[in-house]
Structures are given as structure tokens and as C-alpha cells.
Amino acid sequence: MNRITSFIFLIFIQSAGLKGQEILTVKEAVGITLENNYDIRLSKNDFLITQENVSYGNAGMLPSVVGNFTQNNSLQNSTQVQATGDTRSLNNAKNNNMNYGVSIGWTIFDGLGMFSRYDQLKELEKQGDFQLKKIIITRVSDVIATYYTLVEQQNLLSAIDSSIIISKERLRTAENRFSIGKVARLEVLNVQVNLNEDESNRLRQADVVQNLKINLNSLLARDLMIDFVVTEEFDFDEGLQLTELFDQARIQNPDLQIIAINKRIAELEMKNVRANRYPTVRLNTGYNFSESESSLGFVASSTSRGLTYGITASINIFDGFNQRRNERVAKIQVDNADLLIGQQKLLVETSIATAYQTYQTNMALVILEERNEKIARQNLEITLEKYRIGTISTVEFRDAQENFINAVSRFNSAKLQAKLSEVAIKELIGQVAL
């Protein structure tokens, strides 16, 4: 019995079929995700766009310089009657006019709206940074959840492999007993049916494992057919404290930070709207060249060049009360942003409290199911020995065998659920749950 059971549980620890495959750790999976995942890469580019948009020119603080060039030509049949009564006529009279130069315009005052717009651009950059962090945390959490789901299913596959070894040993024992006339052919057939059932379960379980590998490769944005082995142990963070989680979430939760930035943007937008009450002052200057020719006229040609400069100012006197309406709307938007902060804070804390309670329950189940798995294993060893000496029936042995597989399944499921609860908590507080 010792040789058989030792071999069985060695299979449970490391399946012989996995030999030679790549071992992928959870940290390696996270590293590949950060480098390859399309959602993360797209979000990084979006953040780069917000960084590029933060400029004085985009806020309207800098002058604009424009180069101008125009040329107009015409051919006309012209007749002119002068004041003296003389008539002048010319067919295909050629006229042309050319202007070119540089003009500069600079808004030097717009009710301080340009400063509000610049501050908005900086807040949008911060918002893009937190949105990138949110995408990273979400996608990494997805990878970790898929990884440990694969660990659970791979461990269950190993347990089924060990069950198949047991069923084969049972079949060999039953055939030996049948050959010496101790049991009927029916017992051999029953054992064969059990073995076929185990092998059928293995095919289904192997399909589950392979599909999870494909899903994980997809999240890693790499070749879907890359085969690998995941580590079989679950690592838990047992130092989680509810009050500390609340404090960390207030500082690190991306959703809370994004909503706080939205409030700041709304406040700046209100300043920008109020700026429309004040006059807008703009400086204008330029240097222009002008040349013209006329085949028929008092002036045959002319040329001019020189500097132009001036100042324009405008102020909104009455616009149908739209200014007052816009200011009221902006104030309501600020109030809404403040309400959303309180709403999101309550939602996050509720989610953390729920996830923490689930985490504690699952950790207790891990301890309980671990004890059950050890008991089921001991029971299987004793039952196997009794079956070999013929003191129990095939049905009793099969019950012990199925109890062992069920115990292993519940133990791995409890570990997975505890890990998923931990991942959910870390995602809520804005951390990566390695």
C-alpha cells in the first residue's frame, strides 16, 4: 500500500504530464501584463495625450503669429468717362494686387479665464494618471484572479489523476480476485465503469484547464497556444485590517481620486464661466507689404509697406441672461461633484466591508476544508488497504474515493475564494494583490 499511496500523492503534488513545461509565476504574469496588455497600453497613450495638452498655448496664454499672402489679378475691358468729358477705353486692361505680411495677436486679459483653463489642463493630466492606474489595477487583478482560478483547476486535475491511479489499482485487484474465483464478473465491470468515469472527468477537467490557459494568455496579450504550468500554492495576506483598508482607500482608490479631480475641474469651469463677465483685451500688430498695378487709372502702380498696431477691447453687456444661467449651471455642477464624492466614498467603503467579511469567512473555510482534506486522505488510505484484503465492498471504496476528490475540490475552492476576496479588497484600496 505504501508504494501505491506514495505514488498517488506524488501525482497530486506534481503531475507527470506537466514535466518540461514553462513555469509561470504570478509575478511573471503581472510583469508580462504590464508590458503587453492592450488596455494598459491604450490607457498609457491616453495619458500621454493629456500630458501633451498641458501647455500655455493650449490655455490661450500665448500670442498667435500668422503669415498672410494674397494676390489678385484681372483682365478687363474698361471704359472711363472723366470729369472733363474725355473718354478712355482699354481692352484687356491688366490689374493686379499683392499683399503679404505678418500679423500678431495676443489676448492679454480675458477675466483670468486663461489661468482657469491652464489649471483645468493640469487637473485633466492628473485625472489621466489615475485613470491609467485604475486600468492597471483592474487588468492586473483580472490576471491574478484568472491565474489562481487556473491553480485551483490544475490542482483538481492532479487530484483526478490520482483517482485514476487508484481506479486502475482497484481494477487490477478486482481482476486478480475474479481470476481466482473470489468475486463475480460484475465487480470487475463496476470497477471498469468507475475507471471510465474518472477518465471522462479528466478529459472535461483538462478542457477547463486548457481554456483557462488560453484566457490567461489572452490577458497577457501573447500567443494563445503557449503552454505553461502555474505554481500550485496560494499566498494570502493575513494582515488585512478593516480600519486600515478604509484609510488606504481614501488615499489610493482611483475612483475616489478621479471624482475629487472632477470636482476641482467643475470649480475651475465655474471660474472660467465667470470670466465672461469681464472685458477681453487683445493687442494686435503686424508688418505688411502691398503692391498694385493698374493698366487704366490715375495710378499705374503703387507700393506700400509698414507697421500696424492697435488694441481691441470687448465686453458682454447683454446676452439674454445666458451669462447668469451659465453661472448657475456651473454652481450646480460643483454641488453635484461634491455629492458624488460622498456617494462614491460610501460605495467604496461598503464594498470593502462586504469583501472583508467574505474574506474572513473564506479564510475560516480554508482552515476547515484543509482539515477535511487530510481526514479524507487518511480515510482513503485505510479504505484502500481494507479493499486489498477484501474486508469492504466496491461501493464503500468508491464512496471513500469520491469523498477524497470532493474534499480536495472544496479545499481548493475555499483557497480560491479567499484569494479572490483578497484581490477584490486590494483592487478597492488601489493596490495590486500579488
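At what angle do α4 and helix α9 (residues 394-428) pack? Before the answer, note that this is a predicted model, in which local features need pLDDT of at least 70, side-chain atom pairs count only at pLDDT 80 or more, and totals for chains, interfaces and linings use all residues. Residues are numbered from 1 along each chain as its sequence is written, and side-chain values use heavy atoms, with hydrogens and water left out.

The angle between α4 and α9 is about 170°, and their axes lie 10 Å apart, where axes are lines fitted to C-alpha atoms over the stretch in contact and angles run from 0 to 180 degrees between N-to-C directions. That makes α4 roughly antiparallel to α9, a description used for angles over 145 degrees. Helices here are DSSP runs (H or I, at least four residues), numbered from the N terminus.

Helix α4 (residues 113-179) also meets α5, with axes that come within 8 Å and cross at roughly 165°, so α4 and α5 are likewise roughly antiparallel to each other.

Within helix α5 (residues 185-219) we find D198, which is buried, with a relative accessible area of 5%, since buried means under 20% relative accessible area (1.4 Å probe, protein chains only). Leaving aside residues up to four places away in sequence, D198 touches I160, S163, I164, S167, R398 and Q401, contact meaning heavy atoms within 4.5 Å.

Finally, helix α8 (residues 322-389) has 68 residues that should span 100 Å at 1.5 Å a residue, which agrees with the 96 Å between its end C-alpha atoms; the expected span is 1.5 Å times one less than the number of residues.

How values were computed
Helix = DSSP H or I, 4+ residues; strand = E, 2+ residues; numbered from the N terminus. Buried < 20%, exposed > 50% of the residue type's maximum accessible area, 1.4 Å probe, protein only. Parallel < 35°, antiparallel > 145°, perpendicular 65-115°, else oblique.
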